[in-house]
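Here are my notes for you to read with the model open beside them. Take the points in order and find each residue as you go.

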Amino acid sequence: MKLHDKNILIISNEAWGDVWFSKHNYAYELARNNRVTFVDPPGPWRPWNLLSPAPKITHVMGDLYVLRYRNRLPVLNKWFYRLNERLIARSIERCLKRHGSPTDALITFDPTRFTTPQRLHPGVSIFLCVDKYTFGFHGERDLCHNVDAIITISEHLSVRYKHFHKPLLTIGHAISRDEFQADPPTDLPPGYGLYVGTIDARVDHAHVREMLERFPQIPFVFVGRLALKEDDPERATYLPGRYANMRHLGVKPFNELKAFIAGSRFCLAPMDLRFPGNDISHHKTFQYLALGKPVFSTVFSEYLPIRELMYMENDRSRALGLLRDFLEKGEPEHLAGQRVAHARSMTYDQTFERIERFLETVPHADMT
């Protein structure tokens, strides 16, 4: 059972765009050898959705397409929710048939939609869980009961799904084979520290300020959407004028991120541990490691087996000490090569091989 030459439907809770998360990377990587249709979330309901047009498919690149639709009914209660799902599934299946894309495999990252994937008649349906959900959404438990299999990126997440008695696979985050080489940008100061990702409440802003103040001679570059509200006092940290050594570059296309990583001296993942899931993993870590960069972060449970390759510390004072020692003394040269080697063991090619072997054990899976 190979993930080759198949029609794959990916249900995403994040729309297609320049900012990529796990679901965007999976879509891009799977589209190397399959026809992939990426389903955007529908957006808020409006009264004119009652007369909304049929779903529309647009071409992105190669064998990758994006499908967009609108909810027909508002999700006022579970009855409206289920009826809306039935109506939308019917219209999407018709749309896929018109485009010659019957669904061989459905992979959903979204626990809130298409919670009865059988309505789309996939050969196999998979819930791929990359976030720590709390079973608080309409239909979330239904989805776990209705899919053929569940895949998570952490044992910490997997334990939450064992009681559904579905075939269950745990994999880590994966990285593209394209991320191991890049030319650094020429318009940034040398020796900068880099954070890549959304700048929201999940970031430990107090620790960011401590680094900026403790190491004023070190440039800090932040790449990603500034998602803090206008009246949030933490927002000022990333705006011009507050810190001379802070440079926020905003959102950059995913395929440009590796250049910023290549030019950095070290990389950052300082997360606020009060938020669920912030102690499990960080999506950009393997991109950092793929270019041999030292990573200064809070402690992630998924990376404890490679703790010697990273600088993980939850105590802010000790974390500042680790960064100070690195800046003053450097680190053993062999670490960079070991980081790259570890990242190469986690490419999407190898991850897909693991998923293929797993799917061979899933009852009723039909991808022939």
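1. **Terms first.** A residue is called buried when its relative accessible area is under 20%, exposed when it is over 50%, and partly exposed in between, using a 1.4 Å probe and counting protein chains only. With that in hand, look at histidine 121: its relative accessible area is 54%, so it counts as exposed. Histidine 121 sits in the loop between S5 and S6, and its phi is positive, about 55°, although it is not a glycine.

2. **What kind of model this is.** You're looking at a predicted model, in which local features need pLDDT of at least 70 and side-chain atom pairs count only at pLDDT 80 or more, while totals for chains, interfaces and linings use all residues. Residues are numbered from 1 along each chain as its sequence is written, and side-chain values use heavy atoms, with hydrogens and water left out.

3. **The whole protein.** There are 10 helices and 14 strands in the protein; helices (H or I, at least four residues) and strands (E, at least two) are DSSP runs, numbered from the N terminus. The radius of gyration is 22 Å, close to the 21 Å from the globule rule for 368 residues, so the protein is as compact as a globular protein of that length. That radius is taken over C-alpha atoms, and the rule is 2.2 Å times the number of residues to the power 0.38. The C-alpha trace spans about 60 × 45 × 40 Å along its principal axes.

4. How much of the protein is buried? Of its 368 residues, 54% count as buried. The accessible surface comes to about 16900 Å², and carbon and sulfur atoms hold 51% of it; such areas come from the Shrake-Rupley method with a 1.4 Å probe, and for residues only the protein chains shown count as cover. As for contacts (heavy atoms within 4.5 Å), take those with a separation of 6 or more: 70% of them join residues 24 or more positions apart.

5. **Helix H1 is well tucked in.** H1 is mostly covered, with eight of its nine residues buried. Those are Ser22, Lys23, His24, Asn25, Tyr26, Ala27, Glu29 and Leu30. What do the buried residues of H1 pack against? The partners are strands S1 (7-11), S2 (35-39), S4 (64-68), S5 (105-108) and S6 (124-129), along with H10.

6. **H1 crossing H10.** The axes of H1 (residues 22-30) and H10 (residues 348-359) come within 11 Å and cross at roughly 85°. That makes H1 roughly perpendicular to H10. Axes here are lines fitted to C-alpha atoms, for helices over the stretch in contact, and angles run from 0 to 180 degrees between N-to-C directions. Under 35 degrees counts as roughly parallel, over 145 as roughly antiparallel, 65 to 115 as roughly perpendicular and the rest as oblique. On the H1 side you'll find Ser22, Asn25, Tyr26, Glu29 and Leu30, meeting Tyr348, Thr351, Phe352 and Ile355 of H10.

7. **Helix H5 and valine 208.** In H5 (residues 205-214), the buried residues are His205, Ala206, His207, Val208, Met211 and Leu212. Their cover includes S10 (220-223), S11 (246-250), S12 and H8 (316-329). Zoom in on valine 208, which is buried, with a relative accessible area of 2%. Leaving aside neighbours within four places in sequence, valine 208 touches Val203, Phe222, Thr237, Tyr238, Met246 and Pro270.

8. **A buried loop residue.** Is leucine 228 buried or exposed? At 6% relative accessibility, leucine 228 is buried, and its place is the loop between S10 and S11. Its C-alpha is 6.9 Å from that of isoleucine 199, which is 29 residues away along the chain. Beyond four places in sequence, the contacts of leucine 228 include Ile199, Ala201, His205 and Tyr238.

9. Arginine 274, in the loop between S12 (266-269) and H7 (285-290), is exposed, with a relative accessible area of 73%. Aspartate 5, in the segment before S1, is exposed at 72%. The phi of aspartate 5 is near 55°, a positive value in a residue other than glycine.
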